[in-house]
Every structure is written in structure tokens, then in C-alpha cells.
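Colleague: Could you take a close look at the sheet for me, along with whatever lies across it? I'm new to this, so please go slowly.

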Amino acid sequence: MVLTISIKSQIVGISKIKNIKNVNALEAEQEIQLSNRLTIIFGENGTGKSGYTRLLNNAFNSRGDTEILADINKSDEPEEPECQFDIQTETGIEEVFYPA
């Protein structure tokens with residue numbers, strides 16, 4: 001599901017991903033601040049690093065890997081992934097929910 005964003009001012013970038021739920025091995029309610037220039041995400045195998053990329057690829061029209069995987073450490077039935085994006089615009093920050 002690709003996001004449909006109805007923001008009236010020019011989008012400058014994504015400043016934060018927050019309130020993440022049901023994405024890879026990422027902890028619930030985790031957030032990550034994104035830089036305007038470069039953001040580096042590192043960690044051990046199986047900790048969910050690729051989850052951020054898959055989340056972005058899935059939410060925004062991308063040719064990259066869009067399959068959001070369930071947490072391999074949980075045996076429960078996977079739930080729908082969700083999060084919020086803080087979108088930086090010319091007039092300030094706007095929150096966008098995924099899925100919309």
C-alpha cells in the first residue's frame with residue numbers, strides 16, 4: 001500500500017519514522033531521526049535494519065524490496081505493519097500515518 005499524501009506545501013524530506021509496529025525485529029514504538037544528508041543504520045544480523053528500508057520502499061513508491069517481514073523472534077501470527085512519518089515541508093512538520 002503506497003501512501004497518498006495530501007500536504008498542501010512543498011515536501012522537503014522525511015525527518016522521522018516513529019511509532020513503528022510489526023516491522024521485522026524492530027522494537028514497538030521505536031523511532032529514528034533521519035538526517036537531511038545521510039543516515040547510517042547499523043547493527044547485528046537479525047536486528048531489523050532492513051525493516052526501515054522495506055518500510056520506506058513499501059510506503060513510498062519504490063522499485064526496492066517492499067515485503068515487510070514479521071519478527072523472526074516471535075511465533076505469533078504477524079500483524080499489519082504500521083508507523084508514522086514526520087514529513088518536513090516548507091511550512092513545518094506534518095505527521096503522515098502508514099498505512100493511511
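Modeller: Let's start with helix H1 (residues 49–59), which lies across E1, E2, strand E3 (82–89) and E4 and runs at about 120° to E1. Helices (H or I, at least four residues) and strands (E, at least two) are DSSP runs, numbered from the N terminus. Angles run from 0 to 180 degrees between N-to-C directions, with axes fitted as lines to C-alpha atoms, for helices over the stretch in contact, and contact means heavy atoms within 4.5 Å.

Keep in mind that this is a predicted model: local features need pLDDT of at least 70, side-chain atom pairs count only at pLDDT 80 or more, and totals for chains, interfaces and linings use all residues. Residues are numbered from 1 along each chain as its sequence is written, and side-chain values use heavy atoms, leaving out hydrogens and water.

Now the sheet itself: it's open, with four strands in the order E2-E1-E3-E4 and antiparallel pairing. Strand E2 (30–33) and strand E4 (92–98) are at the edges with a single partner strand each, so one side of each has no neighbour in the sheet. From one strand to the next, the twist averages 20°.

Zoom in on E1 (residues 11–21), which pairs with E2 in the antiparallel sense over three bridges; two strands pair if DSSP finds at least two bridges between them. Ile-20 has Gln-30 in E2 as its bridge partner.
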